[in-house]
Amino acid sequence: QLLIIPYCRTENEQLELLRIMAAAVNTGDLVHLDVTHGFRHLPMIALLSALHLRKVRNADIRGIWYGAFDPDTGEAPIHDLAGLLRIASWVSALSTFDKDGDYSVFADRLDEDGLTVEGTNHLRRAAFFERTSNPRDARNELTNFNETLTRGLPGVSALFAEQLQERLKWHHRDNLFANQVDLANFYRKRGDYILSLIHIFSSR
C-alpha cells in the first residue's frame, strides 16, 4: 500500500503519521519498519510508531531496519534498531512495578533476554506469595533469585539490574517482622492501602 505521509515537522504531523501507520496495520500483524532513506528524525518517530502499534494493534514488531552506506569502505550494512523496543519494555515494566508491585512484569522481560525458566519462575512465585500475604515464602523466592541477579543478567536486562535490585531489597532483612513493615510501607506509598493493612496486621 503506497501512502503519502507528512514531513513530521510538527506534533500534529507526527500524530498523523502514527494514525496512518495504525490504519495500515491489522490486529496481530507481523511488522517490519524500514527507515532507510528517511529524514533523520523519522527513526525516532518510527520507534514511537512501533510502540504504538504494539499497544493498539497487538502487532509483532520484528525489526526496525536502517541501511547505512559507508563511503570509506563501500559497504552498506543493515542495522536492526528494534533493540530499542526492549529498552522501552523495561522502562514500562519499572513503571508498572512502581504502580502495583507485581514482580512478574520483570520475569517477562527476563524471559525475552534468555534467562532460565528456573530464574524467572522465582520472581513469579515471589509475586504470588507476596500478593497472597505469604512474605516468608516470597522472601525465600527472592533470595534464590538474588543469586541469579548477583551472577549478572543477560542482554538488555543487565542495564536495569541496579534498579531491579533496589526494588527487591526488602527481602535482605533477616527479621520477618521488619520485612512485613517494609512491604506495608511499600504498598502504602503506592496507594494500595488494602495490601498495606494486610501486611501490617500480618506482622503483629
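Predicted model: local features only at pLDDT ≥ 70, side-chain atom pairs only at ≥ 80, totals over all residues.
Student: What percentage of the residues in the chain is buried?
Tutor: A residue counts as buried when its relative accessible area is under 20%. The chain has 204 residues, and the buried share of them is 36%.

Student: How many helices and how many strands are there in the chain, and in what order do they run?
Tutor: The chain holds 9 helices and 3 strands. Read from the N terminus, the order is α-β-α-β-β-α-α-α-α-α-α-α.

Student: Why is the chain described as more spread out than a compact globule?
Tutor: For 204 residues the globule rule gives 17 Å. The chain is well over that value, so it is more spread out than a compact globule, with a radius of gyration of 22 Å.

Student: What box do the C-alpha atoms of the chain fill?
Tutor: The box is taken along the principal axes. Its dimensions are roughly 65 × 40 × 25 Å.

Student: Which residues of helix 3 are buried?
Tutor: Helix 3 covers residues 83-100 and has 18 residues. An α-helix has 3.6 residues a turn, so residues three or four places apart point the same way. The buried residues in helix 3 are L85, S89, W90, A93, L94 and F97.

Student: Which residue follows helix 3, and what is its phi?
Tutor: The phi of the residue after helix 3 is positive, near 70°. That residue is G101.

Notes:
Residues numbered from 1 in each chain as written. Heavy atoms only, no water. Helix = DSSP H or I, 4+ residues; strand = E, 2+ residues; numbered from the N terminus. Rg over C-alpha atoms; globule rule 2.2 N^0.38 Å. Buried < 20%, exposed > 50% of the residue type's maximum accessible area, 1.4 Å probe, protein only. Expected span 1.5 Å × (residues − 1).
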